[in-house]
Amino acid sequence: MSETANLERKAAAGQQFDRRSFAIISHPDAGKTTLTEKLLYRSGAIRAAGQVRAKGESRRTRSDWMEIEQQRGISVSSSVMTYEYGGLTFNLLDTPGHADFSEDTYRTLTAVDSAVMVIDAAKGIEAQTLKLFEVCRLRDIPIITFVNKLDREGRDNFELLDEIEQRLALDVSPITWPVGVGQNFQGAYNFAEKTLSPNNGGELRRYEGLEDPALTEKLPADLRERFEEETALVQEAYKPFDAQAFREGHMTPVLFGSALRECGVDQLLDLLRAQAPEPRPQPAEPRTVRPEEKKFTGFVFKVQANLDPNHRDRVAFLRVCSGRFQRGQKLTLVRTGKPMAVSNPIFFFAQERELVEEAFPGDIIGIPNHGTLRVGDALTEGEAIRFTGIPNFAPEILRRIRLDDPMKAKQLKRALEDLAEEGVTQVFRPMIGADWIVGVVGALQLDVLLTRIRGEYKVEVGYEDAGYETARWLVSDDKAALKRFVEQNRGSMGTDRDDNPVLLLRNRWEMDRLERNAPEITFSTVRERS
Ligand SMILES: Nc1nc2c(ncn2[C@@H]2O[C@H](COP(=O)(O)OP(=O)(O)OP(=O)(O)O)[C@@H](O)[C@H]2O)c(=O)[nH]1
Ligand SMILES: [Mg+2]
């Protein structure tokens with residue numbers, strides 16, 4: 001082998017596993033976006049940290065970049081940010097917490113190898129935390145827990161740990177422990193490293209150990225005593241961190257801190273550096289794809305319209321699963337079987353875009369396109385592979401779109417198709433009539449849809465009651481039976497964007513009746529993207 005080829009091979013092998021992709025998940029408002037911003041800042045990826053509820057001239061966060069997110073101070077869509085730390089490249093995905101946007105969050109979880117679960121110290125495990133945790137467990141995604149908002153009076157820490165252990169059926173292993181509480185909170189102390197992450201955003205401070213008097217000197221006597229008792233108990237009552245148990249999803253390491261005060265953030269960066277798992281094998285049909293395979297494969301888990309308001313393009317977010325991606329390389333879009341050359345892929349370095357020359361397993365790249373790439377699409381060097389587990393959920397709320405200016409029908413179609421691809425909403429066309437029906441899981445999605453159609457597509461629209469309460473996808477191996485059913489129920493039939501038959505119904509009772517009378521047809525509440 002020639003010297004250069006050898007060097008290249010070594011470089012490729014070395015680079016192949018230095019990517020770490022993780023998502024930040026939690027119930028709304030626990031502090032994901034704030035933590036994201038501080039991780040970017042403390043890793044050196046950005047020069048100043050912004051705020052979620054920025055007023056006036058103050059800086060906004062990188063991940064809540066949409067206007068509607070900034071106005072409301074909530075995340076409505078996942079965003080990808082890349083930073084480098086300790087010789088590794090991290091892809092961080094900040095997800096929305098609100099249940100109405102959970103489809104977006106679930107899809108994002110297909111693209112990561114681990115997750116940071118943020119818990120508000122005053123609230124503990126909340127409904128949405130539990131749901132997201134269950135999705136992580138289904139996919140065997142290891143979880144790091146960050147107990148946030150320690151700068152405020154919260155619940156008892158042992159009670160919190162018990163709650164995590166019991167409700168999530170996980171072993172917990174505290175990596176750090178808070179020194180002081182509420183007003184007297186000094187920072188988080190790392191047992192193994194013997195470092196304190198102070199509650200004022202300062203650098204990590206090193207101590208002799210728990211007995212070092214300097215550690216607790218600022219605490220009133222009663223709190224000092226409490227700290228000594230608690231840390232003794234922690235070391236006795238909880239298992240030490242076990243990397244294998246963590247990777248297998250039986251144990252979660254726990255950090256304490258305050259994202260707002262930048263306390264515990266460096267400790268999280270270090271823990272991720274040491275423990276965030278490498279790119280995992282990806283479930284697919286007909287076979288699982290392993291990251292060390294030579295040939296390139298990847299799949300689209302998210303599409304974002306109007307990422308850049310100046311360019312009316314869509315960006316498809318692709319997770320690299322195996323091999324090496326090179327700019328301009330000829331790839332096959334498996335859904336159509338057609339070749340595709342990706343000439344201008346981008347990395348999202350803390351929201352500065354950078355042209356991608358090459359990418360490796362675990363990387364997330366953005367591919368600008370005009371609608372060619374869709375969620376669930378696989379790109380390969382020719383092999384027909386389908387990555388599995390990317391769901392669509394049956395909508396719970398259905399509305400008819402009212403278009404105020406009929407001249408804008410084309411723009412409306414474009415807007416609905418773009419936003420449906422993103423997963424902001426689903427769109428259906430009834431077989432009889434020319435209306436657009438939009439379906440969402442939660443009411444907040446309707447607000448987002450309206451704001452974005454008006455803002456990004458300049459079309460005035462409203463909602464009307466569609467008279468439907470529920471929708472189901474119809475699936476059957478018996479094509480004749482399916483066709484017969486569709487014919488007999490034309491008045492209640494519609495199609496989704498891919499022309500799949502969907503039953504739109506006024507009430508659940510009627511749904512049950514139809515379902516009972518058509519045993520050869522499956523009435524599905526979920527449709528996997530293919
Ligand atoms: N006191 C205190 N407030 C915090 C801390 N971290 C975040 N916050 C505040 O909590 C609120 C919610 O924070 P976000 O970062 O937007 O929470 P989120 O989890 O991204 O929320 P969604 O994306 O809407 O689910 C904001 O007002 C933050 O300033 C913290 O450590 N201490
Ligand atoms: Mg957020």
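Which residues in H2 meet which residues in H10? The first legend below gives the answer. The structure is a predicted model, in which local features need pLDDT of at least 70 and side-chain atom pairs count only at pLDDT 80 or more, while totals for chains, interfaces and linings use all residues. Residues are numbered from 1 along each chain as its sequence is written, chains are lettered from A and ligands numbered from 1 in the order in which they are written, and side-chain values use heavy atoms, with hydrogens and water left out.

**View 1. Packing of H2 and H10.** Leu 35, Lys 38, Leu 39 and Arg 42 in H2 meet Val 265, Asp 266, Leu 268 and Leu 269 in H10; contact means heavy atoms within 4.5 Å. Helices (H or I, at least four residues) and strands (E, at least two) are DSSP runs, numbered from the N terminus. The axes of H2 and H10 (residues 265–275) lie 9 Å apart, at an angle of about 75 degrees. Axes are lines fitted to C-alpha atoms, for helices over the stretch in contact, and angles run from 0 to 180 degrees between N-to-C directions. H2 and H10 are therefore roughly perpendicular to each other. Angles under 35 degrees count as roughly parallel, over 145 as roughly antiparallel, 65 to 115 as roughly perpendicular and the rest as oblique. The contact of H2 with H10 holds five nonpolar, no polar and three charged residues (Ala, Val, Leu, Ile, Met, Phe, Trp, Tyr, Cys and Pro count as nonpolar, Asp, Glu, Lys and Arg as charged, and the others, Gly among them, as polar).

**View 2. Crossing of H11 and H12.** Helix H11 (residues 409–422) and helix H12 (residues 443–457) have axes that come within 11 Å and cross at roughly 125 degrees. This angle makes H11 oblique to H12. Residues of H11 in the contact include Leu 412, Arg 414 and Leu 416, and those of H12 include Leu 449, Arg 452 and Tyr 457. Seven nonpolar, no polar and four charged residues make up the contact of H11 with H12.

**View 3. Domain 2 against domain 3.** The protein chain is divided into domain 1 (29–275), domain 2 (284–387) and domain 3 (391–528), with bounds from an automatic or database domain assignment. The centres of domain 2 and domain 3, taken over C-alpha atoms, are separated by 28 Å. Nine residues from domain 2 and 11 residues from domain 3 take part in the contact. Between them, the two domains bury about 980 Å², 27% of it on carbon and sulfur atoms; buried area is the accessible area (1.4 Å probe) that two parts lose on being put together, summed over both.

**View 4. Backbone features at Pro 286 and Asp 29.** Glu 285 and Pro 286 are joined by a cis peptide bond, with omega about 0 degrees. Pro 286 lies in the loop between strand S12 (284–285) and strand S13 (297–305). Asp 29, although not a glycine, has a positive phi of about 80 degrees. Asp 29 is placed in the loop between strand S1 (19–25) and helix H2 (32–42). Most residues other than glycine have a negative phi, and most peptide bonds are trans.
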